[in-house]
Amino acid sequence: MNTGLPTGRQAKVTPLPRPHPSARTFITVGIVLAAITAAEFLVLYVRGMSTLVVTILAALSVAKFFLVAGYFMHLRFDPRLLTGIFAVGVTLATLITIAVRLINMA
Amino acid sequence: MAYHGHAHHGSVHTGGAHRSHAHETNTGIDNRKLGFWLFIASESIFFACLLVGYLVYKNGYEPGVGPRDLFNIELTTISTFVLLMSSLAMVLGVNAAQRNLGRKARRWVLLTALMGLAFLGFQAYEFTHFYHAGLSLSSSVFGTAFYTLTGFHGAHVAAGVVWLLTLLYHGRGGGLTADKADDVEVAGLYWHFVDIVWIVLFTVLYLLEFVE
């Protein structure tokens, strides 16, 4: 692709970020977050299926995490470099948690 | 479609209104925003260390003053809802600032700060209740780990409220208009991060404790 730049500088082309969504989209995401929180509370009343309930709670928590990070923090729309930076932090945080838990259980 | 980062102004049209910026960057991303994401990444690791400390020590308590004896899951669900909705108010404030709706942005930011204060009120009530029930910072390793983790989160919320109040002060004239949109957005990033941390803490500390 001809970027109009000298040959040596053409590698520095960055994808254009997408526009941030409308207020209506943010309100929809907010409603979904509220509904997930209500579901998290209600699922605690399910007895005798702890593995299933833990899996559901983990999935709902991850969904909320990605909704807030993706929409409210604009990671779905901003340059991917920002997602990469956050992913490094979250990955290291997760690995630290898993590693210490494994050491503690050993 | 592409743009050239090194020949580009500090940010882009992301909210529908023109936003002026004082500097150019190699990445095409405002340096404050880039730096703040690096800060958020490091904060993730900070909270992970506190969380893993809690997970290691959470069973170290005296009979009758453990998580299931003390936690009020209904109350914490309500405070979680309040914090989530504060994030919604914050993003609507950022959106309004980017569209140069200064007074509207200021109202949303004010609502965010008020909901942050409400969350802190819930936490103060919870801490007081736990203390009177026999759980202090030094009564058990569970108490130490719990208060340290949730206390640091609460301190982050309190710092966020102060930040939002300073934004409101700076926008007291014409509101939080498009020229202040980047400031509002960075404050918003902090606020949403504090919300994300609570999403994890609410599940790990509270919800999973009540699974039967």
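Predicted model: local features only at pLDDT ≥ 70, side-chain atom pairs only at ≥ 80, totals over all residues.
Two residues are in contact here if their C-beta atoms, placed from the backbone, lie within 7 Å. By that rule, among the contacts in chain A between residues at least 6 apart in sequence, 55% join residues at least 24 apart.

Chain A has three helices and one strand. Read from the N terminus, the order of these elements is β-α-α-α. The chain has 106 residues, of which 23% are buried. Chain A is also divided into two domains, with domain 1 covering 21–73 and domain 2 covering 79–106. Taken over C-alpha atoms, the centres of domain 1 and domain 2 of chain A are separated by 21 Å.

A:Ala63 belongs to helix 2 of chain A. There are 15 other C-beta atoms within 10 Å of A:Ala63, so this residue is partly exposed. From A:Ala63 to A:Leu82 the separation is 19 residues in sequence, and in space it is 19 Å from C-alpha to C-alpha.

The second example is A:His74, which lies in the loop between helix 2 and helix 3 of chain A. Is A:His74 buried or exposed? The count of other C-beta atoms within 10 Å is 23, and a residue with 20 or more is taken as buried, so A:His74 is buried. The backbone of A:His74 has a positive phi of about 70 degrees, although the residue is not a glycine.

The next step is the contact between the chains. It takes 47 residues from chain A and 49 residues from chain B. On the side of chain A that touches chain B, at least two residues each are supplied by strand 1 (13–15), helix 1 (23–43), helix 2 (50–72) and helix 3 (80–105). Which of these elements of chain A gives the most to that side? Helix 3 of chain A does, with 14 residues. Sorted by class, the side of chain A that touches chain B has 32 nonpolar, ten polar and five charged residues.

B:Asn100 is found in the loop between helix 3 (73–98) and helix 4 (102–132) of chain B. Phi of B:Asn100 is near 65 degrees, a positive value in a residue other than glycine. With 21 other C-beta atoms within 10 Å, B:Asn100 is buried.

Further along chain B, two helices pack together. Two packed helices are described by the angle between their axes and the distance between the axes. For helix 5 (residues 141–170) and helix 6 (residues 181–206) of chain B, the axes come within 10 Å and cross at roughly 160 degrees. An angle over 145 degrees counts as roughly antiparallel, and therefore helix 5 of chain B is roughly antiparallel to helix 6 of chain B. The crossing of helix 5 of chain B past helix 6 of chain B is left-handed.

Helix 5 of chain B brings several residues to this contact, including B:His153, B:His156, B:Gly160 and B:Trp163. Among those from helix 6 of chain B are B:Asp183, B:Tyr190, B:Trp191 and B:Trp198. The residues of the contact of helix 5 with helix 6 of chain B divide into twelve nonpolar, four polar and one charged.

Key
Residues numbered from 1 in each chain as written. Chains lettered and ligands numbered in written order. Helix = DSSP H or I, 4+ residues; strand = E, 2+ residues; numbered from the N terminus. Nonpolar A, V, L, I, M, F, W, Y, C, P; charged D, E, K, R; others polar. Domains from an automatic or database assignment. Axes fitted to C-alpha atoms, helices over the stretch in contact; angles between N-to-C directions. Parallel < 35°, antiparallel > 145°, perpendicular 65-115°, else oblique. Left-handed = near helix turned anticlockwise from the far one by under 90°. Buried ≥ 20, exposed ≤ 12 C-beta atoms within 10 Å, placed from the backbone.
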